[in-house]
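Here are some exercises to work through with the model open beside you. Try each task before you read its solution.

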Amino acid sequence: MPTGRSLYLALLPAILLLTLLTFGLAKLIAVSFDTGHGIGLASYVGFFARPDYVRMLWRTLLVALATTVICVLIGYPTAWFISRCQAHRSLFLLLVILPWLVSVVVRTYGWIVLLGNKGLINNLLVLMGATQRPIPLMFNLVGVIIGLVHISLPFMILAILAAFRHLDGALAEAAMSLGARPWQSFRRVILPLTMPGVMSGCSLVFLSTTGVIVTPLLLGGLRDGMMGTQIYQEMFIVFSYPKAATMAVLLALCGVLVIVPLQWLERRMSRHSRAAQA
Amino acid sequence: MRLRLPLWQPVVAAVFVFLPAPIVIVIAASFSHTGYLDLPPWPLSLRWYIALLSDTEWLGAIGTSLALAFVAASASVLTALCAAQVLARRRFTGSHFIGLLLMLPLVFPHAALAVVMVGLLMSFGAGGTFAGLLLVHAILTLPYAYRPLIGSVMSLDTDMEEAAMSLGARPFYVLRRVSLPLIRPGLITGFLFAFIVSFDEVTVTMFLTGPDITTLPVKIFHAIQETSDPVVGAVSSLIVLVTILAVMLVQRVVRLEQFAGHGGSDTAVPARRSHA
Amino acid sequence: MGKATSLRGAMGVLAALAFTALATVSAAAQDAAKGEITMGSWGGGTSAAWRSIIKPFTDRTGIPVRVVEWPDPQPVIRAQAGNPQYNAGVMNYVDAYRLAKAGMLQTFRPEQVPGISHIPPEYLLKDKDGAIIGVPVYFQYYGIAYNVNEAKASDFESWDSLADPKWKGKLGIARSKDSATYDLTLYAHIHGGSDTNIEPGIPLLRGLAANSIAVTAAMAQMNTLLSRGEVAAVPYYSARFWGPQALPNASIVLPREGGLMLPYLVAVPKGSKHPAASLAWLNYVLEAQPQLTILHGSGYIPFNADAKPDGEDLGRLGMPVADLLKRLYEPDWGTVADHQEERINLVEQISAQVK
């Protein structure tokens, strides 16, 4: 191996790429503060002066939150199941990983087929007589959230699964044999020990969900705009780069504001869980 | 411990129906005669696959996407490998920061990242060029290449390298004969991951394509929006196939469970030895 | 070892595929350097129309033409300002006017495009200095499209029907850019407003927004929704209802107030390559024959006064072009363009307010 100072030369390609990325970020921030004749908050004031934009920002955060919560609720038992599964474990893992890696457009296309008023699900429901009028599953937030949960769920499952892998199975058994009932052993032992995984999954799901475009664009309706679709509109329909830049900065900022406390919690918990396992 | 709560089993079962559902549907619809979104797809037909094979625009997009993913993943893996070699061995002012930045594309909202990249490429007039897309994809795939690599490099026993060096082996020889074989799983996982991510990326890429170059997912996106070209189903199934192939390749090198470690965002701290 | 070998083999196949692809891509890029027209167009029917007239031009001039679908002309040309990758593009008058105002389109003197003499002068789009911005080629109109199973033509004798609460949750609406440019202009005109004063059009637009379930964010999606009856009616484009390509189960009606005329022109981004080839292309698309070919295949109505639709095409139009024009309102596109941005903001707020 190269030794000494020459080793640092290996960092050059990474530094080159990262410098470009940082340059783009700096330019984005600069543009968002450019009022046309100096530096100012004009574009941010303009954003918050529009009630529909503010509502859109809230909607984006709420949709991200709802997606994250649903992912935890259904992802946790799934991850647990996979971690305890003896036979066919790799098959189940494959069922999680494959959809995760298939392009978002392809998956959204599939949801369009399934969710439309005359889509497969509604056709089946009507055929079975479960409903007379199709249930609106698309062009509303229901469709958007279904699509987003589908995109994010594998992230969540894999993150929680990582925590389960660190979890010493014997610990839970021990708690049980010491007389703890299943629910107690879950609440007192398993849940706290896997919490770091849940937290890390939550940060990732929340962040990636705030920045989606394709899903709300194709599955959402007139009043379901999110920050991503508005950025798309600013860039693709009116080409207002400054406005898009302002929204991008706000989006990133919201992400940071939500994630920093989560990360802090996660680190605290993983310290605790390590102490508990030691 | 067994799962006691009765509610959980249906939830887990539903998840395993939910996850493959849209993909299975896309594949089924691609064999339908109308090619549209109607199901059931009878009578079955291969006409859209045949139509795809004679459409130079779609073939061009497939070619671009494969080439872009290959070159971008190579660039990204090389960059990440070099960076990991340094960051796993040295701590210095800013090493933590570089580690953080390397993971940034994973956690930065993609809609915002798209605006960043448009601004970046516009500064060089590189929008709608292969070079521009390559640069952006190399950056976007860095976290996916870096994570498995930093894991491999850290678990690499530096004693072995030092032993070889002290026996008089030259650095390059040590790298080729001692280090590389040991980090090979990380290298291949990183490469294939980066390849898939680049091959599938649409949110950022759709802002950067041009008349001379477009990628497959972007073309599918526009087709869904503007033309409802029935070839979309066939093309989408092709994407699924490429993804399955790549995952199978990964599976040959590492156990799938290794993936579980890659989902989390507990990533910003590369200078910490993993417990596994 | 077998595992490693097959792995290496698979990686090799992947690499080979990628490099073949790379070679093809770069070869294609070299072709482009010889001098060809890359023309931007909306997808679907529009790009099909333009592809249908390429061959005679290439046979005559030897210049290859490639029609590439773009999402929308304004953002693409603005994003490529100074380094345009298109040699031409079809766009509506508002896009063209705004781009020209921003200095991003090539302007022309009449002697550079002699074919312009066949176009009625009132349809020429000019900048403030009187220079020609692109060449007018064809128009269509904006009417009310409806699904024949969900509604009847008589349901839409007036544009005001779109605000009728009985259509709650059943209509479609154009994306904010188009409702700001088309709907608002037309509705204001119907209700006694003008191109500068669109206030009177707002209540109708608000009523339509309140009834709407889906946005025409993308044509293909709205086509499907309309054909399947998931949307009962939507303000839409007449060319979607032409000949064999017409949307199934759907039709278009002109309410008694008439419709909006939607003219299109072909413009050249400033600083684009092969200016001579572009000029030859502009003169070609002004001719009567290509315009008739486009009409026949796609339903866009020619501007060239010599391009007289006959037989089948006249039957499909349902009336002579002159009579049709009498029922269409053509605003001052420059005024509409000057207010486009603020009106998009207005429409966005209207859509967000309705419950």
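Helices here are DSSP runs of H or I with at least four residues, and strands are runs of E with at least two, numbered from the N terminus. Please keep in mind that this is a predicted model.

**Exercise 1. Describe the fold of chain A: which pattern does chain A follow along the sequence?**

Solution. Start by listing the elements: chain A has 12 helices and 0 strands. Next, read them in order, which gives α-α-α-α-α-α-α-α-α-α-α-α. Finally, look at the extent of the C-alpha trace of chain A, which spans about 75 × 70 × 35 Å along its principal axes.

**Exercise 2. Find out how confident the predictor is: what are the ipTM and pTM of the complex?**

Solution. Begin with the complex, for which the predictor gives an ipTM of 0.87 and a pTM of 0.86. Then go chain by chain. Chain C has an average pLDDT of 88, with 90% of its residues scoring at least 70. Within chain C, the lowest mean pLDDT among the elements, 56, belongs to helix α1 (residues 2-33), while strand β11 (residues 259-267) has the highest, 97. Chain B averages 81, and 85% of its residues score at least 70. One stretch of chain B to treat separately is residues 262-276, where the pLDDT is below 50; this stretch still has 37 contacts in the model beyond near neighbours in sequence.

**Exercise 3. Locate a salt bridge between chains: which residue of chain C does R50(A) pair with?**

Solution. Side chains of opposite charge can pair when their charged atoms come close. Over all chains, the search finds 23 salt bridges. In one of them, R50(A) pairs with E348(C), and their closest N and O atoms are 2.9 Å apart, inside the 4 Å cut-off. R50(A) sits in the loop between α2 (42-48) and α3 (51-84) of chain A, and E348(C) in helix α14 (residues 340-353) of chain C.

**Exercise 4. Classify the aromatic pair of F191(B) and F195(B): stacked, edge-to-face or tilted?**

Solution. The structure holds 44 aromatic pairs over all chains. For F191(B) and F195(B), the ring centres are 6.2 Å apart and the planes are at 35°, making the pair tilted. Both residues lie in helix α9 (residues 171-200) of chain B, 4 residues apart, or about one turn of the helix.

Terms used:
Residues numbered from 1 in each chain as written. Chains lettered and ligands numbered in written order. Predicted model: local features only at pLDDT ≥ 70, side-chain atom pairs only at ≥ 80, totals over all residues. Heavy atoms only, no water. pLDDT = per-residue confidence, 0-100. Contact = heavy atoms within 4.5 Å. Phe/Tyr/Trp six-rings, centres within 6.5 Å; stacked < 30°, edge-to-face > 60°. Salt bridge = Lys/Arg side-chain N within 4 Å of Asp/Glu carboxyl O.
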